[in-house]
Amino acid sequence: MPDQQGELRLGVIGTGCIGMEHIRNALLLPSVRVVAIADPHEPSRQTALAELQHAGVHEVIALERDAEMLQLSDVDAVLVCTPNDTHHAVMRQVLASGKHCLVEKPLCTLISHCAETVALARQPGGFGGTAPLLWCGMEYRYIPAIARLIQEADQGLIGDLRMLSIREHRFPFLKKVGNWNRTNERTGGTLVEKCVHFFDLMRRILRSEPRRIFASGGQEVNHKSVDSDVLDSAYVIVDFQSGARAMLELCMFAEASKHQEEVSLVGTRGKLEAFAPSHGTKQDDESEVNFRRCLRSSKFIAEYEERARPPADLECGTIVEAHEKIDARLMQAGDHAGSTYYELHRFVDAALSAGAKPDVTLEDGALAVMMGVGAHESMATGLPVLWSDLVERYAHSGGAVDEPA
């Protein structure tokens, strides 16, 4: 159990790129103490130890195997930051340990592994019979401008949600240990490895489940001179059961872009837009607009059927532009516009509060993977993939999709 001083003793499994980002952000949280790290790659372990020691954290247990960490009684919660194809095996051990857990996306690389993981998580267990907090890492929900878009959409400010467009124009995949992130076998494919973030955003923003998925994409530019089969560009169109439609546009050879992510949400009464900087940006430019709200004129809505001429600017409605600020320390601590800190903060607060629920459940993680798998299958066949078929496969592997609230 967390100690009586309200401090969460944290273990980090996997100290590569995202593991290090979590460590740097954990060091900013006074209610967290990193007590253990585990990684089979010696250079990664040493890098993490050096970071912690530089921050004045010297009493840290460094291990090769995550199984050893899970046996430590003074580790209350773990962050799973290992390569995608290891998540299934690691999560089996984590769930058996009863410790609180935030597992980085994707939950697993296969629908069957996702279903098995969620089914195991639903079995009773944890500290003294209390169910542990289980959370799937989806930090894009917490990018400040995107978080504001979600909040205003939830408030109904733009009416019924009809169209959602998400664009990511970015740099190619970075080099990682053994280049594990450059093969479909180890990542689940780009639309699982990278794009579960965006499929999660679609479900969260629209508050609906998919109905049909269609995708087109390929490996056009990147990594062709090495042993790699991951795609670098794609369009994915998702029809939702609510009647809304969403589209993802991904390009991973477009680092020369003003924004890395652009989200546009259109409802019956207006539009919300959010913009996020490149992951390499380390300073927040407060002069830049990163959020926009555009509300339609009620007068124009009432009269448009009889109009014979386009509306003048002042007749279209109102536009509010703003900048959602990101603390300078958070920009330095990570590559996701402060979102890793905000997500970790909420995870820690929930872990220290009896009975608190995760913002992002393991099932949310599983359903995002299913959307990515469906998109890859649509690309392979040239045909749309029905959500009902994906759900049937998930159920066949032991998973069960809860009805939307």
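## Val 238 and its surroundings

Leaving aside residues within four places in sequence, Val 238 is in contact with Met 202, Pro 210, Arg 212, Ile 213, Ala 244, Arg 245, Ala 246 and Met 371. The model is predicted. Val 238 sits in strand 9, which covers residues 233-240. Its relative accessible area is 0%, so Val 238 is buried.

How far apart are the C-alpha atoms of Val 238 and Phe 199? They are separated by 9.2 Å, while the two residues are 39 residues apart along the chain.

Phe 291 belongs to strand 13, residues 291-296. With a relative accessible area of 0%, Phe 291 is buried. Residues up to four places away in sequence are again set aside for its contacts. Phe 291 then touches Ala 145, Arg 148, Leu 149 and Glu 152, among others. Its contacts also include Leu 272, Glu 273, Phe 275, Val 320, Glu 321 and Ala 322. Phe 291 and Ile 146 are 145 residues apart in sequence, yet their C-alpha atoms are 8.0 Å apart in space.

Helix 6 spans residues 144-154. Is this helix mostly covered or mostly uncovered? It is mostly covered, with eight of its eleven residues buried. The buried residues are Pro 144, Ala 145, Ile 146, Arg 148, Leu 149, Ile 150, Glu 152 and Ala 153. Charged side chains are thus on the list, namely those of Arg 148 and Glu 152. After helix 6 comes Gly 156. The phi of Gly 156 is positive, near 80°.

## Helix 1 against helix 13

Helix 1 (residues 17-26) packs with helix 13 (residues 339-351). The angle is about 70°, and the axes are 9 Å apart. That angle makes helix 1 roughly perpendicular to helix 13. The crossing of helix 1 past helix 13 is right-handed.

Which residues make the contact? Helix 1 supplies Glu 21, His 22, Asn 25 and Ala 26. Helix 13 supplies Thr 340, Tyr 341, Glu 343 and Leu 344. By type, this contact holds three nonpolar, three polar and two charged residues.

## Helix 1 against helix 2

Helix 2 covers residues 42-54. The axes of helix 1 and helix 2 come within 11 Å and cross at roughly 15°. Helix 1 and helix 2 are therefore roughly parallel to each other. Their crossing is right-handed.

From helix 1, the residues involved are Met 20, Ile 23 and Arg 24. They meet Thr 47, Ala 48, Glu 51 and Leu 52 in helix 2. The contact divides into four nonpolar, one polar and two charged residues.

## Cysteines

A disulfide is a covalent bond between the sulfur atoms of two cysteines. How many disulfides does the model have? The count comes to zero, with a cut-off of 2.5 Å between the sulfur atoms.

Cys 114 counts as buried, at 0% relative accessibility. Cys 136 is in no disulfide either. Its nearest cysteine sulfur is that of Cys 114, 8.3 Å away. Cys 136 is buried, with a relative accessible area of 0%.

Definitions and conventions
Residues are numbered from 1 along each chain as its sequence is written. Side-chain values use heavy atoms; hydrogens and water are left out. Axes are lines fitted to C-alpha atoms, for helices over the stretch in contact, and angles run from 0 to 180 degrees between N-to-C directions. Helices (H or I, at least four residues) and strands (E, at least two) are DSSP runs, numbered from the N terminus. Angles under 35 degrees count as roughly parallel, over 145 as roughly antiparallel, 65 to 115 as roughly perpendicular and the rest as oblique. A crossing is left-handed if the near helix is turned anticlockwise from the far one by less than a right angle, and right-handed if clockwise. Contact means heavy atoms within 4.5 Å. Buried means under 20% relative accessible area, exposed over 50%, partly exposed in between (1.4 Å probe, protein chains only).
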